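Please keep the sequence and the structure open while reading.

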Amino acid sequence: MTALPDWIDDRLDPELDKKLTQRHVVETMLNSGRPFLSAQQIRARVDPDVTKETVRNRLNELRSIDVVAAETYPESITLYYVDHPESNWPLSPEDRRKLAHETPLETLSLGDFVRLRNPAGIRTLVLAGFQLSLLLFCLGAIAAVLGIDPTVGSENGLWEAAGNLFLACLLLLFAERAARKIRADGLEGLLPVGRRAPAE
């Protein structure tokens with residue numbers, strides 16, 4: 001067992017007949033090496049078989065005794081952290097800026113997707129699907145005008161759509177990387193020629 005600081009140990013409920021104890025949750029948070037974690041991330045570390053509700057119950061208990069604190073951010077993301085008395089929590093301005101740039105898809109797990117429990121992540125996925133559908137529609141229109149067959153063909157319409165979508169995503173990924181390289185290094189960044197040394 002990890003030795004907990006006295007200020008935490010003194011506040012914990014010594015009751016050990018629970019499937020998930022307060023001590024286990026705090027030890028997991030301290031050993032994670034991360035300053036803050038979502039309930040889903042804590043659950044994955046303590047025991048995937050424990051329900052998210054059980055994890056939230058322990059976190060709420062820990063919040064009520066001032067061992068853990070939480071911050072809720074846009075799109076219903078709640079992050080938990082050990083509320084060290086000597087630290088400058090909640091999050092620093094820099095950490096808040098980092099959080100603002102995280103995408104909701106990073107918090108969408110397979111379980112949340114199947115049970116439709118992460119609205120922000122699912123909405124982002126749906127919007128991405130709409131945009132990719134529009135992209136495929138445009139590519140289909142261009143292919144029809146030019147008389148070109150689809151790149152991937154199949155008797156199964158879903159497989160054909162999936163294959164063409166996969167190729168479109170790869171093309172989009174390479175195009176984005178090329179555009180980023182051009183923005184950073186100019187057109188010379190794409191050419192395999194070495195750069196000339198500056199004239200003295």
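Arg58 counts as buried, because its relative accessibility is 9%. Buried means under 20% relative accessible area, exposed means over 50%, and partly exposed lies in between (1.4 Å probe, protein chains only). The model is predicted: local features need pLDDT of at least 70, side-chain atom pairs count only at pLDDT 80 or more, and totals for chains, interfaces and linings use all residues. Residues are numbered from 1 along each chain as its sequence is written, and side-chain values use heavy atoms, with hydrogens and water left out.

**Salt bridges**

Arg58 forms a salt bridge with Glu61. Their closest N and O atoms are 2.9 Å apart. A salt bridge here is a side-chain nitrogen of Lys or Arg within 4 Å of a carboxyl oxygen of Asp or Glu. Arg58 and Glu61 are three residues apart in helix α4, so about one helical turn separates them. Glu61 is partly exposed, at 21% relative accessibility.

How many salt bridges does the structure hold? There are two. Glu27 and Arg23 lie four residues apart in helix α2, about one turn of the helix. An α-helix has 3.6 residues a turn, so residues three or four places apart point the same way. Side chains of opposite charge can pair when their charged atoms come close.

| Residue | Relative accessibility | Class |
|---|---|---|
| Glu27 | 10% | buried |
| Arg23 | 21% | partly exposed |
| Arg58 | 9% | buried |
| Glu61 | 21% | partly exposed |

Glu61 touches Lys18 and Gln22, not counting residues up to four places away in sequence. Contact means heavy atoms within 4.5 Å. Glu61 and Leu12 are 49 residues apart in sequence, and their C-alpha atoms are 9.3 Å apart in space.

**Helix α2 and its neighbours**

Helix α2 spans residues 22–31, and helix α4 spans residues 52–64. Their axes come within 9 Å and cross at roughly 85°. That makes α2 roughly perpendicular to α4. Axes are lines fitted to C-alpha atoms, for helices over the stretch in contact, and angles run from 0 to 180 degrees between N-to-C directions. Angles under 35 degrees count as roughly parallel, over 145 as roughly antiparallel, 65 to 115 as roughly perpendicular and the rest as oblique.

Which residues of α2 and α4 meet? From α2 come Gln22, Val25, Val26 and Met29. From α4 come Arg58, Leu59, Glu61 and Leu62.

Helix α3 is another partner of α2. The axes of α2 and α3 come within 10 Å and cross at roughly 105°. That makes α2 roughly perpendicular to α3. On the α2 side, the contact is made by His24, Val25, Thr28 and Met29. On the α3 side, Ile42, Arg45 and Val46 make it.

The buried residues of α2 are Gln22, Val25, Val26, Glu27, Thr28 and Met29. They pack against α1 (6–9), β1 (37–38), α3 (39–46), α4, β2 (68–73) and β3 (77–82).

**Positive phi angles**

Just after α2, Gly33 takes a positive phi of about 75°. Asp66 also has a positive phi, near 60°, and Asp66 is a residue other than glycine. Asp66 is found in the loop between α4 and β2. Asp66 is partly exposed, with a relative accessible area of 47%.

**A surface patch**

Leu139, Ile142, Val145, Leu146 and Ile148 form a nonpolar patch on the surface. Together they have about 510 Å² of accessible area. Patches are made of residues with over 30% relative accessible area and no salt bridge; like charges are joined within 9 Å, and nonpolar side chains (Val, Leu, Ile, Met, Phe, Trp, Tyr) within 5 Å. Accessible areas come from the Shrake-Rupley method with a 1.4 Å probe; for residues, only the protein chains shown count as cover. Ile142 is found in helix α7 (residues 119–146). Ile142 counts as partly exposed, at 48% relative accessibility.

**The whole protein**

The protein has eight helices and three strands. Helices (H or I, at least four residues) and strands (E, at least two) are DSSP runs, numbered from the N terminus. Along the sequence, the pattern is α-α-β-α-α-β-β-α-α-α-α. Of the 200 residues, 25% are buried. The accessible surface comes to about 14,000 Å², and 59% of that surface belongs to carbon and sulfur atoms.
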